Amino acid sequence: MALTLDACILLLKEHHLLKSVALNDPATLNMTAIAYDSRKVTEETLFFCKGNFRPVFLTNAKEQGAVTYVAEQPISEGNGMNALIVTNVQKAMAILSAAFYDYPQDDLFIIAYTGTKGKTTAAYFTQAILQEATIQKTALFSTIDRVLGPKPEQRFKSDLTTPESLDLFHDMREAVENGMTHLVMEVSSQAYKKNRVYGLTYDVGFFLNISPDHVGPNEHPDFADYLHCKLQLLVNSRRCVINAQTQNFADVYAAAQATTNPSDIYLFAETAYQATEAVDIDFRFENLEMSLADSRFKVTAVSDRANALGVAGDYQLRLIGDFNESNATAAIIGSALAGADLKQAQQGIRQLQIPGRMETLAVPNHGQVYVDYAHNYASMKALLSFLQKEYHNSKLIVVVGSPGDKGVSRRAGFAQVLNEYANQAILTTDDPGYEDPAAIAAEIRTGIDEAKVQTTVELNRATAVEQAIEASQPGEIVVLAAKGADAYQKVRGVDTPYATDMVIAKQVAERLTKQVN
Ligand SMILES: CC(=O)N[C@H]1[C@@H](OP(=O)(O)OP(=O)(O)OC[C@H]2O[C@@H](n3ccc(=O)[nH]c3=O)[C@H](O)[C@@H]2O)O[C@H](CO)[C@@H](O)[C@@H]1O[C@H](C)C(=O)N[C@@H](C)C(=O)N[C@H](CCC(=O)O)C(=O)O
Ligand SMILES: Nc1ncnc2c1ncn2[C@@H]1O[C@H](COP(=O)(O)OP(=O)(O)OP(=O)(O)O)[C@@H](O)[C@H]1O
């Protein structure tokens, strides 16, 4: 892989991003590496100065062999290097990274998901179906992990839901080189806000849902900005699929129509749902049978073009939760648009389990434990209402905390949802970042109606899990919420190891079983 300075200049001009060029190192006009982190710089690197950048990083990059830098202002530490001064470094990084990795997106059929909730689940379902259809040639970029090939060593843990553009195009190229033909990816609102996917188009783009979240100093200034960023996915998709039951449906549909012919926009909804807008639903789904072990549901093709995709039929899921039938329906439609058939779709989703999503454990002489990644009002409501219904209003004990530095609205949301569904709450720590976890717990607590919900604070998460399980009786439910399968607590910029909720729960279960025997 390589990129010449001339090619960079041409591309930046084409995208109206170039402010000025300083040619200080005529000997190295060809770059054979690119980086935005000085610790990853090698010889002949094109280096991007972005974000909370400190000039000393450029000194380090230069010492390591960076020959050209891209920044929004000249940086004196870069004297002697070629400089490309641009109006927006994140956009420039996306454009130049795509070129450096020779446009890997052109070699992949890309299905992209956005939505406040369900992205990871729908992406996993879609990949599982397409792995059947493409015989293990489908890559996955999710919040949990990135799958770049069929071998175990080609699977990596993710840091972000949607990676930085440079990493994104790098991983796409690697996936192509590993023989992948399809890619399923999650696209966060931050990805648009930070131009991580600038210039990228998708073969199929999904809008699953939107609810208040991600508003705060480090994320979006308000809900309108959050929605605006999410809508960009539809503007950049050749075919769009929308959950007709989403909040703000009119805005969502209008965004899709801005660049996509209505004949390439598909809508889905539950069978019982009556659309308020004058739109035709293409796919309907309905539950046939729900148990705590699995669910059966039916997908019906309503329109002719939906029927032509050939995936209407009965499906079964091991991943329980009525909301997962909606996620699975999305995946079925997306996979069908990529060429999968009914049998592949049925088989793909049938056995799928996802780390930290609806994982369950029966604790002898105590309640049934659920570990789930629900971490805002809407997802907790979906989770707790489902469990309350399935367990016929049994006692519900919830362990939950809210992160620091982001998603501040979740704190009030948790209090509200606990008031609506829980009998007991143990407030604990969840990625406090630079905030005080006790203060976060106190903030959640102010909204809780303690006459209804017996509330305590236990900041040691492992102890909180233990207390909840010990407090539960057979037939009762213990929900370990919001952390999913995360094996760390983010504390003051450091990922502090944490065994995971399920590992702790299993240890507690083992101890309690021994005590009984
Ligand atoms: C606001 C934002 O997008 N922040 C991301 C961004 O930070 P940044 O560009 O300011 O980078 P930084 O870590 O402060 O460092 C500045 C620059 O100096 C470089 N550096 C640093 C140290 C050094 O020695 N040398 C050096 O060159 C860094 O590589 C970086 O390029 O780039 C970093 C990686 O380059 C990300 O880790 C960081 O994500 C933050 C921590 C984050 O977690 N953001 C969340 C809000 C996020 O994006 N979440 C969404 C999901 C939520 C949703 O659904 O919307 C996601 O997509 O994950
Ligand atoms: N369609 C849905 N509607 C409401 N809640 C959902 C839906 N799908 C999943 N959930 C809940 O949200 C949690 C997170 O699901 P998932 O990881 O699929 O969403 P996500 O969009 O990737 O979330 P995040 O952006 O927080 O990573 C699940 O554990 C479940 O409790």
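Author: Happy to. A residue is called buried if 20 or more other C-beta atoms, placed from the backbone, lie within 10 Å of its own, exposed if 12 or fewer do, and partly exposed in between. By that count, 50% of the 517 residues of the chain are buried. Please keep in mind that this is a predicted model, where local features need pLDDT of at least 70, side-chain atom pairs count only at pLDDT 80 or more, and totals for chains, interfaces and linings use all residues. Residues are numbered from 1 along each chain as its sequence is written, while chains are lettered from A and ligands numbered from 1 in the order in which they are written.

Now to the ligand. Around ligand 1 there are 22 residues, taking a residue as near if its C-beta atom, placed from the backbone, lies within 6 Å. Asp37, Gly51, Asn52, Leu160 and Ser188 are the closest. By type, the shell has 10 polar, 7 charged and 5 nonpolar residues; Ala, Val, Leu, Ile, Met, Phe, Trp, Tyr, Cys and Pro count as nonpolar, Asp, Glu, Lys and Arg as charged, and the others, Gly among them, as polar. Helix α6 (residues 189-193) gives the largest share of this shell, 3 residues. Helices are DSSP runs of H or I with at least four residues, strands runs of E with at least two, numbered from the N terminus. Domain 1 (3-100) and domain 2 (104-278 + 320-350) each supply at least three residues to the shell, with bounds from an automatic or database domain assignment.

As for the whole chain, its secondary structure comes to 16 helices and 26 strands, and its C-alpha atoms fill a box of roughly 75 × 55 × 40 Å along the principal axes.
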